[in-house]
Amino acid sequence: MSRGESATPLGRVRGLGSAHEGGEHWLTERVTSIALLLLGTWLVASLLFLPSLDQRTIFEWLRAPSGAVPMALLIVTGFKHALDGMKVIVDDYVHQPGNNFAMNSLLLFLAIGGGALALFALARIALGGGA
Amino acid sequence: MAATNPRPLSPHLTIWRWGPHMLVSILHRVTGAGLSIVGLAMLTWWLTALAGGTDAYTAFTKAASHPVGLIVLIALSWAFFQHLLSGIRHLAMDTGAAFELDTNKRFAILTIVGSVVLTAALWAYILEYRP
């Protein structure tokens, strides 16, 4: 980010917002939202069009690459988008720096821990033995 | 930061008359937080139960088909549709479009109508055709 040395008006103010950063976070939130538009619609449509919702059918659906790969993408993108969105909420309402750091750290651990648990369960389904 | 510099702040929530755009704005945040916490917890529980075998999955479906579980699932599906439609509205507004007062209000109302209609249609289909 340029600080003062730039000749253009935009260059002089860029990065001088209260946070001095955040453009990338903002853009990532939008890109993951577009991915989730597709993956979320895929999940709802799949659950609607599966022949049945019993355990065997869902297990076989997620064992096949056509189910496992979108589900893995949904887990990773979903937890990332949730983390980015919750950070906006925390930064809006938790102003005290120590509390803000604690809340954002807690969210990070929850998102990575939850995402890892979901991915591990999916791996057991997709790569493991029978139900 | 309010703690170190007690300058006057905008009395945002207490002073404005409520309208559809304000409702949709706060609903986007509320549904996003709900999907992040409850939605991802349910997704992770569902996947770990699937991977955990018949007993674990029976416990999940028992909880999910309990009246309280059904209410949570119906609320989550509504939150998904509301956040999805409101998210599309936000992506359009990110391009600078739809800020005219009447257009903005109309699309805000449409996200609410859309999410209710989609939720009703989804559950009518599930409860009617997916025992």
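## Helices α2(A) and α4(A)

Helix α2 (residues 23-49) of chain A packs against helix α4 (residues 65-93) of chain A at an angle of about 140°, with the axes 9 Å apart, and α2(A) and α4(A) are therefore oblique to each other (angles under 35 degrees count as roughly parallel, over 145 as roughly antiparallel, 65 to 115 as roughly perpendicular and the rest as oblique). Axes are lines fitted to C-alpha atoms, for helices over the stretch in contact, and angles run from 0 to 180 degrees between N-to-C directions.

By class, the contact of α2(A) with α4(A) holds 10 nonpolar, 11 polar and 4 charged residues, where contact means heavy atoms within 4.5 Å.

## Helices α2(B) and α4(B)

In chain B, the axes of helix α2 (residues 20-52) and helix α4 (residues 67-94) come within 8 Å and cross at roughly 130°, which makes α2(B) oblique to α4(B). The residues of this contact divide into 11 nonpolar, 11 polar and 1 charged.

## Chain A overall

Chain A has 5 helices and 0 strands, counted as DSSP runs (H or I, at least four residues, for helices; E, at least two, for strands) and numbered from the N terminus. Buried residues (under 20% relative accessible area, with a 1.4 Å probe and protein chains only) make up 36% of the 131 residues in chain A.

## Basis of the values

This is a predicted model, in which local features need pLDDT of at least 70 and side-chain atom pairs count only at pLDDT 80 or more, while totals for chains, interfaces and linings use all residues. Residues are numbered from 1 along each chain as its sequence is written, chains are lettered from A and ligands numbered from 1 in the order in which they are written, and side-chain values use heavy atoms, with hydrogens and water left out.

Note on methods
Nonpolar A, V, L, I, M, F, W, Y, C, P; charged D, E, K, R; others polar. Buried < 20%, exposed > 50% of the residue type's maximum accessible area, 1.4 Å probe, protein only.
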